[in-house]
Amino acid sequence: MTTADAARAAEEFLRNLHNRAPEAMGRYVAAHRLPDGRTSYQFLAERVAGARRVLDLGCGDGALLAVLARDGATGLAGVDISEGELAVARRRPELVDADLREARAQELPFAEDSFDAVVCHMALMLMADVEQVIAETARVLRPGGRLAVVVGARSAEGSGLELFLELARPLFAQRPIPPLGDRRTRSRDGLNELLTAAGFASITWEEITLGGSGTPEQVWDNAIEKYYDTTTLAAEEIAALRREFLARAAALTEDGLLTRGERSAVATTRLPASR
Ligand SMILES: C[S@@+](CC[C@H](N)C(=O)[O-])C[C@H]1O[C@@H](n2cnc3c(N)ncnc32)[C@H](O)[C@@H]1O
């Protein structure tokens, strides 16, 4: 399979999945908050505070764009390859004036210097040909424009998600999904190199812990929605995994609740003030 074929297969997989189950990410984010109650959407929106024209790459159901709209951004745009996600975004009252397009982040349908900021929440690390995505981002940003990206989301030690992964990984290994994205986006060094090569400067990194607690059933629902790999499992495999998860989770609960900890990384950077 050529690299282009692999990229197409990965996008097809993502498109179908998000068309079938839009809004899953928004539910997940709402259930995993910073210690002060903010969501990672709010945290990311604050990284581009004051920007008026903002583009969201892989905007999904528009939850982050809605936060930006409530924070005062007026020239909002989003691209996503899933029409199902975009249909949900278009129904949001905050986004009636937003420019929402079914498009690939590798081929942004916008002119040069169209945006003061670009944001991307948990989507960059799924994208093929990431050099092209970052080059397109630099093209549509104005000089001095900002880019803020959330990547990562690793389950924290002792969390319900960690237990889920311990039990699910052997099954995932038997039914692999198409390889998604470019692993360089999952490390600081890798992403720093990609951003610097495209002309971005002053890169800062912040670690955020997203947590809270939930009943084992809630943590199970979140995990099933979060991991794309679960979509290749047969119904009986999922039922057996659920039984095992709930049995093992019972030993980890405190007052009937499991911790949901997860760590993400947020990179913020900008273009030089003149090209
Ligand atoms: C994990 S979801 C995150 C959605 C949204 N950013 C959020 O956090 O709620 C990843 C999103 O990226 C979109 N996506 C994946 N590859 C893409 C690409 N090459 N161009 C545009 N969108 C893409 C998917 O359709 C999906 O909606």
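Which residues in α9 meet which residues in α10? On the α9 side they are P216, E217, V219, W220 and I224, and on the α10 side I238, L241, R242, F245, L246 and A249; contact here means heavy atoms within 4.5 Å. By class, this contact has nine nonpolar, no polar and two charged residues. (Ala, Val, Leu, Ile, Met, Phe, Trp, Tyr, Cys and Pro count as nonpolar, Asp, Glu, Lys and Arg as charged, and the others, Gly among them, as polar.)

A word on ground rules. This is a predicted model, where local features need pLDDT of at least 70 and side-chain atom pairs count only at pLDDT 80 or more, while totals for chains, interfaces and linings use all residues. Residues are numbered from 1 along each chain as its sequence is written, and side-chain values use heavy atoms, with hydrogens and water left out.

Back to the helices, which are DSSP runs (H or I, at least four residues) numbered from the N terminus. Helix α9 covers residues 216-226 and α10 residues 235-250, and the two pack at about 140 degrees with their axes 10 Å apart. That makes α9 oblique to α10: angles under 35 degrees count as roughly parallel, over 145 as roughly antiparallel, 65 to 115 as roughly perpendicular and the rest as oblique. The axes are lines fitted to C-alpha atoms over the stretch in contact, and angles run from 0 to 180 degrees between N-to-C directions.

Helix α7 (residues 160-174) joins in too: its axis comes within 10 Å of that of α9, and they cross at roughly 60 degrees, so α7 and α9 are oblique to each other. Here G160, L161 and F164 in α7 meet V219, W220, A223, I224 and K226 in α9. That contact has six nonpolar, one polar and one charged residues.

What about α7 and α10? Their axes come within 10 Å and cross at roughly 150 degrees, so this pair is roughly antiparallel. Residues of α7 in the contact include G160, F164 and L171, and those of α10 include L241, F245 and A249. The class count is eight nonpolar, two polar and four charged residues.

| Residue | Protein atom | Ligand atom | Distance |
|---|---|---|---|
| Y41 | side-chain N or O | oxygen | 2.5 Å |
| G58 | backbone N or O | nitrogen | 2.7 Å |
| D80 | polar side-chain atom | oxygen | 2.6 Å |

Conventions: A polar contact is a pair of N or O atoms within 3.5 Å; within protein, one must be able to donate a hydrogen and the other to accept it, and residues adjacent in sequence count only if both atoms are side-chain atoms.
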